[in-house]
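Here are a few notes on the charged side chains, for you to follow along with on screen. Take them one point at a time.

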Protein chains: 4
Amino acid sequence: MEAALKVFARRGIIGTKMSMIASEAGVSTGLLYRYFDSKDKLFTTLVQQAMDESIVGIKSIYQLPGSPLDKIKMLTTEILNEGSQLYFMLMHHARTSDEVPITAKKLIEENTMKTYIDILEPLFIEGQKEGELAADPPCELISCYLSLLSGLMTLNIQGDENYQMPKVDLLLRFIIRSSS
Amino acid sequence: MEAALKVFARRGIIGTKMSMIASEAGVSTGLLYRYFDSKDKLFTTLVQQAMDESIVGIKSIYQLPGSPLDKIKMLTTEILNEGSQLYFMLMHHARTSDEVPITAKKLIEENTMKTYIDILEPLFIEGQKEGELAADPPCELISCYLSLLSGLMTLNIQGDENYQMPKVDLLLRFIIRSSS
Amino acid sequence: MEAALKVFARRGIIGTKMSMIASEAGVSTGLLYRYFDSKDKLFTTLVQQAMDESIVGIKSIYQLPGSPLDKIKMLTTEILNEGSQLYFMLMHHARTSDEVPITAKKLIEENTMKTYIDILEPLFIEGQKEGELAADPPCELISCYLSLLSGLMTLNIQGDENYQMPKVDLLLRFIIRSSS
Amino acid sequence: MEAALKVFARRGIIGTKMSMIASEAGVSTGLLYRYFDSKDKLFTTLVQQAMDESIVGIKSIYQLPGSPLDKIKMLTTEILNEGSQLYFMLMHHARTSDEVPITAKKLIEENTMKTYIDILEPLFIEGQKEGELAADPPCELISCYLSLLSGLMTLNIQGDENYQMPKVDLLLRFIIRSSS
DNA sequence: TATGAATGAGTCTTCATTCAT
DNA sequence: TATGAATGAAGACTCATTCAT
């Protein structure tokens with residue numbers, strides 16, 4: 001039923017009509033209200049879930065094999081390919097639209113970039129020690145890298161031949177230590 | 001009066017009420033209709049203008065002094081600092097929202113990434129010849145670079161301390177030829 | 001199951017949701033429809049029953065002991081104390097709401113004040129002969145007395161400390177022959 | 001525009017559709033929202049006004065000529081004849097319906113019967129001293145009298161041939177000192 | 001030219017009623 | 001017989017657009 005994510009992600013909170021979600025889910029409009037109190041609540045729930053899963057996703061990097069750079073490369077690949085697209089788009093709407101319920105706004109404020117930096121910092125520092133990663137301040141490196149990634153995912157590049165999703169190796173240039 | 005751009009850029013076409021534009025412009029709602037036939041027309045006009053200006057802006061790169069890399073760096077800096085922010089956001093809404101008038105959709109389809117690639121290709125090729133730029137296929141390099149830029153601008157990073165706008169030098173790593 | 005009366009009486013026909021009746025009765029919503037064709041039918045049935053019982057109740061006055069005034073006093077006391085409250089409230093909704101099913105409206109039109117007057121007239125005439133009751137035209141006396149009573153019962157005075165239910169003796173002043 | 005009172009009074013808050021008020025007022029539904037934030041607000045406003053006017057009305061009794069009994073008789077006549085009907089009906093809905101906005105509920109709780117008793121008590125005491133009024137405790141006398149009146153007005157007797165509005169003289173028997 | 005009152009189509013939400021289990 | 005999930009029609013409310021002034 002949370003495939004309402006699909007509609008919200010593409011159209012934002014106002015652009016989405018409950019009837020769209022309903023027909024996307026293959027049920028009647030009325031039934032939606034049996035499961036979700038309101039459009040706002042539904043949206044907020046999705047935002048919450050998006051944030052939770054994103055954190056889990058980021059943390060999973062430590063389970064990946066290989067060197068720090070290997071890990072980063074794999075996670076990046078995953079993010080780029082996988083369905084996380086919708087989450088990025090949803091979060092973008094949640095961040096930028098003014099019609100977002102206050103509850104959702106609060107959720108977002110609590111879950112800042114800092115959260116992700118804290119998770120990734122040890123890995124990046126290790127990567128720098130091993131000489132794999134560029135020597136910029138890790139905070140900045142991470143923050144910029146995630147911003148770049150967010151931007152790319154938000155564009156909804158798939159299905160738009162105008163934009164081109166950069167290959168992972170290209171992206172990694174930002175953080176890789178340029179061969180001396 | 002076209003400071004309606006401000007509202008459309010931030011809130012998208014549905015999120016924007018004519019009354020918002022009116023009060024932002026300091027006039028009455030009714031007066032808007034003396035200058036623009038409809039909300040859709042107004043939006044379409046803005047999109048048209050955004051595209052026109054973007055092309056002019058890109059072309060202006062050839063007026064800039066210095067080597068190809070210098071030119072690219074300066075243009076990038078300009079884009080990042082200047083008010084082009086709003087254009088990127090507007091175009092993002094125009095590209096992703098389904099409520100956009102067909103006329104605007106058509107405009108966008110006509111003005112593809114190809115347009116920009118064609119403009120920039122000679123410059124990039126020159127840069128590669130001079131050994132400044134990475135050796136990837138110029139088309140791909142340009143397309144990816146513009147995608148990255150679009151993504152960053154779309155995020156509306158200003159006013160959100162969570163994201164961090166990468167420094168220009170960091171961004172350039174993407175296209176610079178790594179020191180051998 | 002007819003304790004749906006409770007809900008209808010308090011909330012009127014529109015204010016009452018079938019789910020309220022169901023939970024008041026301790027059954028599921030769906031089950032209600034096994035016993036009553038529709039909300040309207042249920043309401044109509046209750047109105048019918050209310051009217052029937054009111055007539056029986058009024059007629060029972062002749063079974064009471066004592067003089068005409070004694071009888072009237074006892075019946076009044078009964079009405080004031082007993083659960084007839086709900087019937088008065090139900091009938092008030094039935095009389096004043098426009099959403100009442102036509103069938104119920106018809107029922108009410110057939111069962112006019114005249115019905116009650118016809119029942120009580122002999123008793124009042126007797127009371128007047130015996131010098132207990134005021135000498136006004138019996139029709140008027142009865143009609144006014146019942147109107148007063150209806151009004152009081154309709155107010156739903158219980159549970160509202162603002163109103164005060166008059167003592168029976170106070171009420172009787174309306175019809176008692178003032179001591180010469 | 002407050003002739004919305006007419007519809008609310010007859011049909012209660014749920015039974016009333018904004019479109020009814022609109023067509024009763026001869027305007028479009030949308031226009032209602034230019035003057036009143038919402039149905040609830042409108043209802044609350046009417047309740048407020050009803051209470052204010054009722055107090056003014058009651059207080060005006062001291063401007064009337066004649067003995068206390070004369071004053072009471074005139075006020076009663078006025079209440080019975082005049083358009084206060086709608087106010088009584090409105091207040092009844094406000095008191096008994098559960099769908100009434102909290103703000104309105106609060107208003108009602110603040111404006112108790114006590115308010116009216118305080119206003120009328122001096123008059124009734126004077127009337128008792130002059131031997132015109134029954135010797136019951138004035139509080140009780142007033143409270144019961146007002147309850148009776150409220151009940152009668154709430155019934156919406158006009159337009160229902162079944163009920164009969166008692167003549168004023170009949171009603172006064174309730175408070176008049178029976179001739180010794 | 002400028003205003004803002006007025007309209008009505010469109011969206012969210014509720015709830016009587018049905019129906020598979 | 002009993003449940004409660006599912007449907008869809010109806011009502012509150014918003015807002016693009018018009019129009020009298």
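This is a predicted model: local features need pLDDT of at least 70, side-chain atom pairs count only at pLDDT 80 or more; totals for chains, interfaces and linings use all residues.

1. To find A:Glu82, look in the loop that runs between helix H5 (68-81) and helix H6 (84-96) of chain A. A:Glu82 has a relative accessibility of 46%, so it counts as partly exposed.

2. Now for opposite charges. Side chains of opposite charge can pair when their charged atoms come close. Over all chains, the count is 32 salt bridges.

3. One of these pairs B:Glu99 with A:Arg11, at 2.4 Å from N to O. The pair crosses between chains: B:Glu99 sits in the loop between helix H6 (84-96) and helix H7 (102-110) of chain B, and A:Arg11 is in helix H1 (residues 4-15) of chain A. B:Glu99 is partly exposed, at 24% relative accessible area.

4. Have a look at helix H8 (residues 113-129) of chain C next, where C:Lys114 and C:Asp118 are four residues apart, about one turn of the helix. Their side chains make a salt bridge of 3.0 Å, N to O. C:Lys114 is exposed at 52%, while C:Asp118 is partly exposed at 41%.

5. Finally, C:Lys167 and D:Glu140 form a salt bridge at 3.1 Å, N to O. C:Lys167 is in the loop between helix H9 (138-154) and helix H10 (168-172) of chain C, and D:Glu140 is in helix H9 (residues 138-154) of chain D, so this pair joins two chains. Buried or exposed, which is D:Glu140? With 17% relative accessibility, D:Glu140 counts as buried, whereas C:Lys167, at 52%, counts as exposed.

Conventions: Residues are numbered from 1 along each chain as its sequence is written. Chains are lettered from A and ligands numbered from 1 in the order in which they are written. Side-chain values use heavy atoms; hydrogens and water are left out. Buried means under 20% relative accessible area, exposed over 50%, partly exposed in between (1.4 Å probe, protein chains only). A salt bridge is a side-chain nitrogen of Lys or Arg within 4 Å of a carboxyl oxygen of Asp or Glu.
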